Amino acid sequence: MLAATYPGTCALVHADAFQLLVATVLSAQTTDERVNQVTPALFARYGGAAALAGADPQALEAIIRPTGFFRTKARALIRLAGQLVDEHGGTVPGAMAQLTRLPGVGRKTANVVLGVGFGVPGLAVDTHVTRLANLLGLVATRDPVKIEQQVTAMLPPSQWTGFGLRLIEHGRQVCVANRPRCPVCPLQSWCPSSSTRAGPTAGRRARRGAPPGGRRA
Ligand code: SF4
């Protein structure tokens, strides 16, 4: 049902793995639309890791300001680009271990870059995936590494990237935090947390993002 509802594609506009990595770092605490507004000017001025590593922080901040936390993000991007130049010849590595050694890159960002940029299956676990995986009864934990392990064990690798991206879309559009729209949700007939189910606690669980019965690990 998720596959019939959402394309499972990444909304961050990018031309290569470097642009995808930068856009994913910028997407923290903001929307993909906001990131897509600033990246054309950003990549026109800083076309690769070497240019970004040598960026004037204030000039970079001015470009990425609409994405919020722009001073922190500017510093993070310059450090990240510097490490790409120093250790990877200015290219983005295509392996989890190398990606997560880059400054500011965790498993979530690495899985987006691997899945979308390199075609390497990965489940990116963000706040939406955490909430949805619990509400749907797939897991009973908020630990992102455990969620990644448990959910990927349920799916063929070819589905990992798309499933995560679809859960994120569903969390943005329908199963919104604290105000899930269960009556119009295409998953309502399967979802154990749906407020349309009989029982006094289902709707409260959906609003709290709590798992249906299981203890959290
Ligand atoms: S039925 Fe409600 S709680 Fe379940 S996934 Fe849909 S919106 Fe979320």
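Ala59 lies in helix α5, which covers residues 57–64; helices here are DSSP runs of H or I with at least four residues, strands are E runs of at least two, and both are numbered from the N terminus. The model is a predicted one, in which local features need pLDDT of at least 70 and side-chain atom pairs count only at pLDDT 80 or more, while totals for chains, interfaces and linings use all residues. Residues are numbered from 1 along each chain as its sequence is written.

**Overall fold**

- The chain contains twelve helices and zero strands, and its pattern along the sequence reads α-α-α-α-α-α-α-α-α-α-α-α.
- The chain is as compact as a globular protein of its length, because its radius of gyration of 19 Å is close to the 17 Å that the globule rule gives for 217 residues. The radius is taken over C-alpha atoms, and the rule is 2.2 Å times the number of residues to the power 0.38.
- Along the principal axes, the C-alpha trace spans about 60 × 30 × 30 Å.
- Of the 217 residues, 39% count as buried. A residue is buried if 20 or more other C-beta atoms lie within 10 Å of its own, exposed if 12 or fewer do, and partly exposed in between, with C-beta atoms placed from the backbone.
- Among contacts with a separation of 6 or more, 56% join residues 24 or more positions apart. Two residues are in contact if their C-beta atoms, placed from the backbone, lie within 7 Å.

**Domains**

- Domain 1 covers residues 17–118 and domain 2 covers residues 127–208; such bounds come from an automatic or database domain assignment.
- The centres of the two domains, taken over C-alpha atoms, are 29 Å apart.
- Four residues of domain 1 and five residues of domain 2 take part in the contact.
- On the side of domain 1 that touches domain 2, one residue is nonpolar, one is polar and two are charged. In this scheme Ala, Val, Leu, Ile, Met, Phe, Trp, Tyr, Cys and Pro count as nonpolar, Asp, Glu, Lys and Arg as charged, and the others, Gly among them, as polar.

**Ligand surroundings**

- The ligand is surrounded by 14 residues, of which the closest are Cys175, Cys182, Cys185, Cys191 and Ser194.

**Helix α11**

- Helix α11 has 17 residues and reaches 25 Å from its first C-alpha to its last, close to the expected 24 Å. The expected span is 1.5 Å times one less than the number of residues.
- The buried residues of α11 include Trp160, Phe163, Leu165, Arg166, Ile168 and His170.
- The cover over the buried residues of α11 includes α1 (2–5), α8 (107–118), α9 (127–135) and α10 (144–152).

**Loop residues with positive phi**

- Gln29 is not a glycine, yet it has a positive phi of about 65°. Gln29 sits in the loop between α2 (17–26) and α3 (32–45), and it is exposed, with 11 other C-beta atoms within 10 Å.
- Asn178, also not a glycine, has a positive phi of about 70°. Asn178 belongs to the loop between α11 (157–173) and α12 (202–208), and it is exposed, with 9 other C-beta atoms within 10 Å.

**Selected helix residues**

- Ala59 counts as exposed because it has 11 C-beta neighbours inside 10 Å. Ala59 and Val129 are 70 residues apart in sequence, and their C-alpha atoms are 35 Å apart in space.
- Leu77, in helix α6 (residues 70–88), counts as buried because it has 25 C-beta neighbours inside 10 Å. Leaving aside neighbours within four places in sequence, Leu77 is in contact with Val22, Val25, Leu52 and Leu60. Pro57 is 20 residues from Leu77 along the chain, and 9.6 Å separates their C-alpha atoms.
- Thr39, in helix α3, counts as buried because it has 21 C-beta neighbours inside 10 Å. Not counting residues up to four places away in sequence, Thr39 touches Val13, Gln19 and Ala23. Thr39 and Leu84 are 45 residues apart in sequence and 19 Å apart in space, C-alpha to C-alpha.

Terms used:
A residue is near a molecule or strand if its C-beta atom, placed from the backbone, lies within 6 Å of it.
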